[in-house]
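Me: I would like to learn how to read a protein structure. Could you walk me through this one, feature by feature?

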Amino acid sequence: MNRAERIEAQLRSALHATFVELIDDSHLHVGHAGARDGKGHFRVNIVSADFEGLRTVQRHQLVYRSLGELMHTDIHALGISALTPAEAHTHRQAANKGQP
């Protein structure tokens, strides 16, 4: 299992996620300090009922805790979009509005 697969599997398991999209942006940061030490730059879109009732910063903290040691060994930077299922549904409806 490669690094991205480990990260995605950890998020799915720890957060009971119904959707995880992990984007590896490491190639955009060649030469950057985080790239030199072998850690990656990622963005994640994640949908989980575990985010219900949490503010954005609390959701991000939950994601960081869920990744545990991977935050120290494999990840230099992580952009996070963390939504509840209801929020994800609203976003999909808004994105589809006006389409035939």
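Reply: Gladly! Let's begin with the order of the elements: from the N terminus on, they run α-β-α-β-α-α-β-α. That gives the chain five helices and three strands. Please keep in mind that this is a predicted model.

Me: How much of the chain is buried, and what share of the contacts joins residues at least 24 apart?

Reply: A residue is called buried when its relative accessible area is under 20%. Here, buried residues account for 31% of the 100 residues in the chain. As for contacts, take those between residues at least 6 apart in sequence: 64% of them join residues at least 24 apart.

Me: Now the helices. At what angle do α1 and α3 pack?

Reply: For a pair of helices, look at the angle and at the distance between the axes. Helix α1, residues 3-15, packs with helix α3, residues 56-67, at an angle of about 115°, and their axes are 9 Å apart. Angles of 65 to 115 degrees count as roughly perpendicular, so α1 is roughly perpendicular to α3. The crossing in which α1 passes α3 is right-handed.

Me: Which residues of α1 and α3 meet?

Reply: From α1 come Ile7, Gln10, Leu11, Ala14 and Leu15, and they meet Leu62, Val63, Ser66 and Leu67 in α3. Sorted by class, this contact of α1 with α3 has seven nonpolar residues, two polar ones and no charged ones.

Me: Is Leu70 buried or exposed?

Reply: The relative accessible area of Leu70 is 14%, so Leu70 is buried. For a contrast, go to His16, in the loop between α1 and β1. His16 has a relative accessibility of 56% and therefore counts as exposed.

Me: Let's move on to strand β1. Which residues does Asp24 touch?

Reply: Asp24 lies in strand β1. Not counting residues up to four places away in sequence, Asp24 touches His41 and Phe42. Phe42 is 18 residues from Asp24 along the chain, and the C-alpha atoms of the two are separated by 4.6 Å. Asp24 counts as partly exposed, because its relative accessibility is 37%.

Me: And how do I read a polar contact? Which side chain does Asp24 pair with?

Reply: Read the two partners and the distance together. The side chains of Asp24 and Ser26 are joined by a polar contact of 2.6 Å. Ser26 has its place in the loop between β1 and α2. A polar atom of the Ser26 side chain also lies 3.0 Å from the backbone nitrogen of His41. Beyond residues up to four places away in sequence, Ser26 touches Gly40 and His41.

Me: Where is Gly79, and what does Gly79 touch?

Reply: Gly79 is in strand β3. Apart from residues up to four places away in sequence, Gly79 touches Phe42, Arg43 and Val44. The C-alpha atoms of Gly79 and Arg43 are separated by 4.4 Å, although the two are 36 residues apart along the chain. With a relative accessible area of 31%, Gly79 is partly exposed.

Terms used: Residues numbered from 1 in each chain as written. Predicted model: local features only at pLDDT ≥ 70, side-chain atom pairs only at ≥ 80, totals over all residues. Heavy atoms only, no water. Axes fitted to C-alpha atoms, helices over the stretch in contact; angles between N-to-C directions. Helix = DSSP H or I, 4+ residues; strand = E, 2+ residues; numbered from the N terminus. Parallel < 35°, antiparallel > 145°, perpendicular 65-115°, else oblique. Left-handed = near helix turned anticlockwise from the far one by under 90°. Contact = heavy atoms within 4.5 Å. Nonpolar A, V, L, I, M, F, W, Y, C, P; charged D, E, K, R; others polar. Buried < 20%, exposed > 50% of the residue type's maximum accessible area, 1.4 Å probe, protein only. Polar contact = N/O pair within 3.5 Å; in protein donor to acceptor, adjacent residues only side chain to side chain.
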